[in-house]
Structures are given as structure tokens and as C-alpha cells.
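Let's take a friendly walk through the links that side chains make here. Have the sequence and the 3D view ready.

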Amino acid sequence: MTNSYTTGRTSTLRWRQLALAALLAVGATAAQGQNLNYSLFGAQNTVTAFNSLGSTGTVIPTANTDDANSALTPIGFQFNYNGQVFTDFVLNTNGYIKLGGAPAAPYFQATSQAAGNAAGPLTSAETNLILPFNEDLEAGSSPTEYRYNTTGTAPNRVTTIQWSNVSDKARSNGTTVVGKQYANISFQVKLYETTGVIEFVYGTATAGSAADAFKTVAVGLKGSGSSATQLIAVTKGSTQTWDLASFVAGLYTGNGHNIRSTVRPDAGRTYRFSPSAANDAAVLAVYTLGKLPIPIATPHVMQAVVRNVGTGAMSNVQVTAAVAGANTYTNTKTITSLAVGASAVVTFDQFTPTNNGTNNVTVTLGNDDVASNNTRAYAQQVQATTFAHYDASVGSASSVGFNTGSGLLTVKHTTNAPRTVTAVAARLEDTRTVGNTVYGVVCDASGAILGRTADYVVTAGDIGTTKTFTFTTPVNIPAGSFFGGIAQTANTTTGYFPVGSQEETPTRPDAFFSIPLAGGNPTDVSTNNLGRLMIEVVTGAPATCAPPTAVTAAATSATAATVSFTGPANGTSYTIIYGPTGFNPATGGTTLTPNPTTSPATITGLAASTTYQVYIRANCGATDQSVLAGPFSFTTQCTPPIINTFPYTESFEGIAPGTLPCGYTVVNANGDASTWQVVAAFPGTGTNSIRYNYSTPNAADDWFFTPQIFTRAGFRYQLSFKYRKTDPDYTEGLEVKYGNAATVAAMTNTLFTNPNIANATAYVTANGTSTPAVAVITPTANGFIHLGFHAISPADQFNMYVDDIQVDQVVTSASDALARAVAVYPNPSQGEMTVQVTNANAKNGLEVVVTNMLGQQVFTTSVRDNGTSKVNLGQLANGMYQLRVSNGAEYMIRTISIQK
């Protein structure tokens with residue numbers, strides 16, 4: 001039974017709150033000032049061997065065995081500690097050494113026994129202390145001696161400093177006298193040359209004659225003060241075995257290193273402290289389930305918290321999660337950058353165990369300067385019914401509760417199918433829980449109580465055990481998140497902390513919650529670093545309803561899709577949940593109503609050009625439902641545009657390679673594996689173009705068609721585009737036609753033909769004045785047309801590209817010749833345009849007049865025949881304008897667009 005209880009906050013919900021702020025601040029302050037060159041992340045609780053010095057080495061004389069310092073004693077080599085180099089130490093009989101020449105105060109002990117805090121040297125002004133077992137010590141029942149010995153050869157020497165057969169003295173703990181707990185204990189400090197490692201190694205102890213009782217000693221390293229960057233302390237509950245001792249930074253208001261006569265060190269128990277290294281990352285925590293029910297808790301996502309605990313920034317830190325045992329799994333992630341003191345939460349790919357049994361979960365980092373903190377393990381029990389966050393192979397480190405108040409201590413879990421909860425179980429701790437009333441509860445996702453067990457008065461026999469609370473009537477829970485836990489009733493006279501907790505720092509978010517006793521809003525308590533609550537939730541037998549198979553989802557239009565499936569023989573209806581990619585079906589998405597009873601099911605009201613995911617389950621009864629199958633993806637069709645605003649352009653930018661712009665279609669007329677598709681290569685402007693990919697056996701016969709273009713009588717329409725081939729050694733061919741449908745048969749009007757494309761290094765702008773020229777479209781009536789681009793290359797050539805398609809609308813002029821003679825580009829433009837005139841037969845210059853859409857003249861200039869002229873319209877606002885070119889009585893009009 002631990003005595004690590006504090007009242008915590010003074011709110012009505014008084015959780016025990018571990019004072020771990022210092023721990024969390026280590027990384028944040030690591031770069032500020034001189035810090036002790038040891039941290040939590042180089043600390044390790046392990047087992048070596050206690051090899052007594054016997055008669056080897058040198059005796060360290062002291063005036064007595066009670067409150068005495070030794071003379072200055074040589075280490076035997078230079079030892080780096082707290083930013084200094086030491087060659088000597090002073091031993092104190094009260095279980096510590098001070099490095100350097102100045103003697104320590106002769107007497108230190110844990111003076112704050114009632115608070116459970118090892119004070120004395122930890123709070124004093126003393127510096128450079130190494131404390132393997134600091135207490136008010138005296139001679140033991142066997143001969144007492146202090147001795148040291150240096151072994152090995154430079155630069156790998158080890159100095160061992162030993163206290164033999166010492167004993168703690170009887171003393172007051174603030175209310176009563178605590179007698180001698182250890183009649184004899186021997187321990188050592190080992191200092192390692194070069195590596196700077198410090199070890200505290202303990203031999204076995206003999207129980208004292210006094211009654212078994214709680215007593216605190218100080219164990220740890222102290223630099224220049226008691227801050228989190230200068231003090232590393234070892235903490236242990238009084239009933240915990242020594243292998244469960246852990247490490248904290250800075251002054252700590254929870255357990256000191258508690259001892260009692262019934263809990264003595266195992267031989268060779270070793271606390272090891274390794275100096276901080278330049279390149280050192282540590283796995284702080286693994287977030288997974290200790291009890292994982294299949295299939296209702298799958299797929300499962302594991303996480304790990306990794307911190308840079310070294311002295312230099314790190315990059316490309318590899319983190320691997322592995323599962324061995326009943327199931328196997330391996331996944332590696334890379335943290336690209338990790339600053340000094342920074343932490344990262346690594347989320348691994350989904351894991352779906354299928355076999356019952358024990359999984360051994362490990363998270364391991366790639367090699368760095370310190371291997372001891374690179375791995376954390378978790379024991380995971382895979383079965384069909386029980387949820388738990390805690391690791392059942394590890395004991396409790398402390399206990400939590402509401403002190404004198406009341407509330408629900410709960411854990412949050414998620415099931416992918418409806419189930420029943422038959423029981424909750426909790427590890428009960430704290431003898432003050434005896435005689436108090438508790439009971440089990442289940443709450444829905446909002447914290448409302450769905451069911452509770454009968455009241456239960458805790459007995460002495462329940463303490464230190466996992467108590468099961470069974471529901472008289474199983475509680476139905478829907479698919480999704482829910483809470484299970486223990487209700488703590490108030491005791492205004494004696495506070496208590498009933499539920500066991502395992503160390504987890506930082507404690508995982510969205511897992512442990514307090515809820516008011518009558519139900520209500522859940523509060524995530526992970527920021528309090530209470531650790532893993534030892535609560536489990538037991539569900540009923542798995543449903544007999546199998547999930548649908550052969551599921552497919554496909555869009556049928558821009559706003560609808562169908563879901564086809566094969567249901568189980570006992571399926572009566574099906575729940576279909578759909579939503580945007582990545583949505584959580586337990587908490588989001590839209591459920592198709594009413595539930596379909598047959599396949600296929602139709603989903604309507606969708607958005608065009610959108611990718612959706614679908615999940616589906618079978619319903620075989622009111623509570624007998626299958627797990628969700630999915631996700632299954634589909635993308636709705638786009639709504640093809642009707643082009644009626646000019647100039648119309650298509651540069652293929654923003655179009656995913658391998659797809660087509662909305663409204664564009666492709667006909668692979670020769671039925672081979674080569675046809676047109678958008679690629680990120682050889683563009684005219686931007687990054688994309690559309691490419692015909694060659695066929696070795698077949699000549700090209702492949703079309704792509706534009707969406708509908710609405711043309712009107714009285715206007716001319718000029719197409720321009722860019723095209724090129726890839727390799728000068730191959731011949732490509734292209735023709736462009738138009739017709740009233742996006743079919744090969746409808747392409748009856750030829751605009752452009754070039755069967756021998758020669759340009760391989762640059763695009764050629766094809767328009768009304770290029771060679772070959774692109775013909776003008778002159779509709780005789782209003783109607784729709786499609787443009788068709790036809791690859792006509794011979795077999796076994798290479799690739800051909802088209803880009804920057806543009807259609808301009810030109811008002812019919814008094815002179816068809818002038819309309820063909822004048823080209824205006826680029827259009828749209830940012831204000832500067834080129835007017836090119838070819839063979840207009842103008843005796844003098846041609847007049848250029850620009851008017852806005854209200855008919856107001858905004859610009860005039862003149863241009864010459866058989867030449868190009870720059871027209872600067874940068875002073876005009878964005879919008880559409882009419883550009884008129886006149887040659888005497890003849891004129892032509894072009895619609896232009898300014899887009900800055």
C-alpha cells in the first residue's frame with residue numbers, strides 16, 4: 001500500500017496530483033545556465049551484483065559511526081560532475097558523499113517525514129552531493145566500516161565507495177516514533193572514469209527489531225540547488241518493492257524513497273545514472289491498450305512520446321513500434337526534426353490483431369549515444385471482451401481519488417459495434433477506502449449515466465486487489481465512444497483515494513476522465529499526470545452478426561452514388577455511414593436513412609467532384625450488429641461546365657496527373673493502352689499539360705474533347721493552343737476538329753492539321769496567323785460545339801503534348817480579311833498586349849480603340865501593317881473590354897480581358 005497521497009487542488013473534485021511539473025520542465029530549461037550533467041532520462045533501475053569490497057581497497061576513517069565526515073579522500077582519477085572536475089570526495093556516515101575539498105555538514109536526514117518528502121540535503125545549500133541512502137544512520141548489528149577501492153586501468157577505472165553494515169536510527173516522523181527498520185544494510189557508490197556513470201548498488205538488508213513502519217530516506221544526485229535541472233531524486237512507495245522505484249527531477253511532494261522492514265532491497269539492486277549525451281532521444285511513454293478486445297477495438301492505433309533529452313538538436317529520428325507474441329506487427333516512423341528538450345507524439349499505422357493471447361509491444365528508437373532509454377515495453381492481452389488502458393503486468397504506483405469529495409473516476413474507450421457492458425473492475429488501493437461506498441458505472445459519450453451497479457462497501461480484503469462490479473442488467477452501448485469507471489461517494493471526515501494508478505508521464509490525453517457523481521460533462525485529467533487508471537470494462541459476448549462482404553462504392557453522377565454488398569444470412573437491415581475522407585464513423589459522418597434492407601443502396605445529395613468514404617455494418621437484431629466494414633472510397637462525378645464566357649482557357653493547372661479537367665473526355669479509338677492524360681511534364685506555362693503517350697504496335701487514333709462551347713451567330717471564334725513533340729528523331733501528328741457532340745462521328749469540321757510536327761524544344765502558338773493556321777469558327781446559328789484534338793502519329797513514335805488551349809470570341813467585322821489579319825495576345829493579360837497585323841493591305845496605320853462594357857472609350861492608339869505593336873493597358877481595371885481595329889471603313893472587334 002503506497003502512502004503517496006496529497007489533497008491536490010482545492011476544488012470540489014480533489015484528485016491526487018503528482019508534482020511532476022519539474023519533470024516536464026527539464027527539456028524547456030536545459031539550455032539555460034549551468035545544469036547538472038545528469039537527467040531523468042539517463043536514469044535506470046536495474047540489477048547488477050553487489051560485490052563487497054571485503055578487505056580490498058582502503059578503509060575510510062571517521063571519528064565515529066554517527067554524524068561524522070571523513071577526511072578528504074582521493075577518487076583516483078578526474079571525475080566530471082555538475083560542470084566541474086573533481087579528484088576528491090568526503091564521505092558522510094549518514095549515507096552520502098560530497099565531491100570536492102569542502103566538507104559537508106555532518107548530519108543530514110529526511111526531516112519532513114510526515115509530508116512524505118525527503119528534505120535535509122535536498123533543500124539545503126549544500127552542493128555536489130551523491131546520496132545512495134541518506135538518513136540518520138548509525139552502526140549496525142554487525143561490524144560497521146567505510147571503505148573505497150579503485151580498480152581497472154586508465155581510462156576505464158572504477159572507484160567503489162562502500163558503507164558496510166549501517167542501520168537507520170529510531171526517530172520521530174512528526175506524530176510517532178518510527179523504530180529501526182534495517183538492523184544492517186550495505187550499499188556502494190560506483191564512479192566510472194571516462195563514461196561518468198554513477199551507480200548505487202545495494203546488498204541485502206536485515207530487518208530491524210522495531211515494528212514494520214513507513215520511513216523516508218533521500219536517494220539521488222544533487223548539483224548546485226534543488227531545481228529540476230540540478231536535482232535527480234529516486235522515489236518509491238513504502239510497500240513497493242525496490243524494482244518499482246522511479247526517478248523525478250527537482251523537489252518532489254509525493255513519495256521520497258520509502259523503506260520499511262518488510263520491503264528490503266534485493267541483492268544487486270542498482271540505480272544507474274548516465275550523464276547527458278549530445279545525441280540522445282528517449283521514449284517517454286507508449287500509448288496503447290493493456291487489454292484489447294477483438295474485433296470491437298480494431299483497428300487499433302498506437303502512439304509513443306519521444307523527447308530529445310540530449311544536448312544537441314536531432315534530425316531523422318527513427319521510431320519503431322513492434323508487436324510479438326500472439327500477433328505480429330512492425331511499423332517505423334521518422335521524426336524529421338527534434339530540438340533540444342522538445343517532445344513529439346508519434347502515431348503509428350493502424351494495427352489489427354486477429355489472434356487471442358499476449359502481445360509484447362515495444363517501441364524502440366534508432367541508435368544514439370544512450371541506449372538505455374531507447375526502448376519501452378507494454379504487455380497487451382488480446383481477447384474478445386475486455387477494455388483496459390493499464391498494463392496488467394505492472395503493479396500500481398499510487399492511487400487517485402476525490403479526497404473528501406465525490407465523483408466518477410472513468411476511462412474512455414471506443415467500440416466499432418454495439419455491445420453490452422456486463423461489469424467494470426478496478427484496482428482498489430489506500431486503506432482509507434475501507435468502509436466507504438463505491439459502485440461501477442457506464443456513461444455515454446456525453447457523460448450521461450447509462451447504468452450502475454449496486455452500492456458496495458469496501459472491505460480490508462479488497463485493498464491491493466482488482467475488484468469486479470457486475471451489472472444486474474447488462475448495459476447496452478452503441479458503437480462509438482463511452483465511459484466506464486468507479487463512483488466514489490463523499491466522506492467529509494476522512495478523504496480517500498480508491499483507484500490504483502500506474503506511472504505514465506506524460507499521461508495520454510483523451511483516456512482518463514472525471515465526471516460528476518450524477519453524470520455530466522466529462523473532464524480530461526491527463527494534464528494532471530495522474531498516470532494510467534487501473535480500470536477495465538468488461539463487455540458481453542461478440543455479436544453473431546457478420547459484417548457485409550464484397551462491398552463496393554461507386555459514383556453514379558455528380559450528386560449520387562451506390563453501395564453494393566453481400567450481407568450475412570441473418571442480416572435484416574444495413575447501416576451505411578458516409579462522409580469526407582478521414583472522418584471518424586463513431587463520431588461523425590452522415591447515416592443513410594432509412595436503413596436499406598437490400599443491395600445496392602443509393603446515396604443522394606452529394607457534392608460534385610468530391611471524394612467520400614463509406615462504412616457499412618449489418619444489423620441482425622436490436623443489439624446484434626456487426627462491426628463496421630470500411631472505409632470504401634468513391635469520388636462523385638463533376639458537373640460538366642458549359643463554356644459561354646470568353647476568352648475561355650484551359651492550362652490543365654490544378655488537375656491531378658492521370659485525370660482530366662471536368663467536362664473533358666477521351667476516346668481511345670484504336671483500343672490500345674495509350675491515350676491522352678494530364679501529366680506534370682513539358683508544360684507551356686505552369687506545371688501541367690495533356691499528353692498523348694505513344695504505342696509501339698499501333699498508329700495513334702486517340703481523341704480528347706472539350707466541354708460544350710456555346711457559340712452565337714454574328715460572332716467568330718478563334719482557337720489557339722500550344723503543342724510540341726518530345727524527341728526530334730520521331731514524327732508526331734495532330735489534327736483539331738469541331739462538331740456538335742463529343743464523339744468521333746460528330747467531328748466534321750477541320751480547324752487545324754499538322755501531320756509532321758517538327759518542334760521538339762519549344763512550343764509553337766497555333767492561331768489564325770500561324771503555320772499551319774488554325775481556322776476561324778463562324779457559326780451560322782446559335783448552338784453548342786465541342787473541340788476535338790486528334791492524335792494521328794504513326795506507330796512507335798514518342799510523346800506529344802498540348803497546353804494552354806484558348807478560345808476567343810470575335811465580333812463579325814465589315815472585313816473578314818481584317819479579322820484574319822489581326823491577332824491580339826496574350827488574352828487574358830495583366831495589361832500589356834501585342835497587336836499583330838499581317839497582310840491587312842493598309843496604306844496607313846490602323847486605328848486601335850478600346851472601350852469598356854458600357855461603351856465608353858478608355859484607350860486609343862495606332863498600329864502598323866505587317867508588324868507587331870505593344871499596347872499597354874495597365875492603367876485599366878480588371879474586367880472585360882472591346883478592342884476595335886479599323887482600317888478605313890473596315891474594322892474588326894475582339895473581346896479582351898484584363899486580369900492583374
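What follows is a short tour of disulfides and salt bridges in this predicted model.

## Two disulfides

Let's start with the cysteines. A disulfide is a covalent bond between the sulfur atoms of two cysteines. Searching the whole structure turns up two disulfides. Count the bonded cysteines along the chain, and the pattern reads 1-2, 3-4.

Take Cys545 and Cys620, whose sulfur atoms sit 1.9 Å apart. Which parts of the chain does this pair link? Cys545 is in the loop between β40 (535-539) and β41 (549-555), while Cys620 is in the loop between β46 (611-619) and β47 (629-635), 75 residues apart. The torsion about their S-S bond is about 60 degrees, so this disulfide is right-handed. Cys545 is buried, at 6% relative accessibility, and Cys620 is buried too, at 16%.

Then there's the disulfide of Cys638 and Cys662, with an S to S distance of 2.1 Å. Cys638 belongs to the loop between β47 and β48 (642-643) and Cys662 to the loop between β49 (648-650) and β50 (665-668), so the bond ties together parts 24 residues apart in sequence. This link is right-handed as well, with 100 degrees about the S-S bond. Here Cys638 counts as partly exposed at 24% relative accessibility, and Cys662 counts as partly exposed at 27%.

One further cysteine to look at is Cys443, which is buried with a relative accessible area of 0%.

## Salt bridges

Now for the charged residues. Side chains of opposite charge can pair when their charged atoms come close. How many salt bridges does the model have? The count comes to 21.

One of them joins Asp168 and Lys215, at 2.6 Å from N to O. Asp168 is in strand β9 (residues 158-168) and Lys215 in strand β14 (residues 215-222), so to speak distant parts of the chain, 47 residues apart. Both of these residues, Asp168 and Lys215, are buried.

Glu504 and Arg532 form another salt bridge, with their closest N and O atoms 3.2 Å apart. Glu504 lies in the loop between β36 (499-502) and β37 (512-515) and Arg532 in strand β39 (residues 532-533), so the pair connects parts 28 residues apart in sequence. Glu504 is buried at 3% relative accessibility, and Arg532 is buried at 9%.

Arg432 is partly exposed at 34% relative accessibility, whereas Asp430 is buried at 0%.

Elsewhere, salt bridges with shared partners join Asp66, Asp136 and Lys169 into one network.

Definitions and conventions. Residues are numbered from 1 along each chain as its sequence is written. This is a predicted model: local features need pLDDT of at least 70, side-chain atom pairs count only at pLDDT 80 or more; totals for chains, interfaces and linings use all residues. Side-chain values use heavy atoms; hydrogens and water are left out. A salt bridge is a side-chain nitrogen of Lys or Arg within 4 Å of a carboxyl oxygen of Asp or Glu. Helices (H or I, at least four residues) and strands (E, at least two) are DSSP runs, numbered from the N terminus. Buried means under 20% relative accessible area, exposed over 50%, partly exposed in between (1.4 Å probe, protein chains only). A disulfide is a pair of cysteine sulfur atoms within 2.5 Å.
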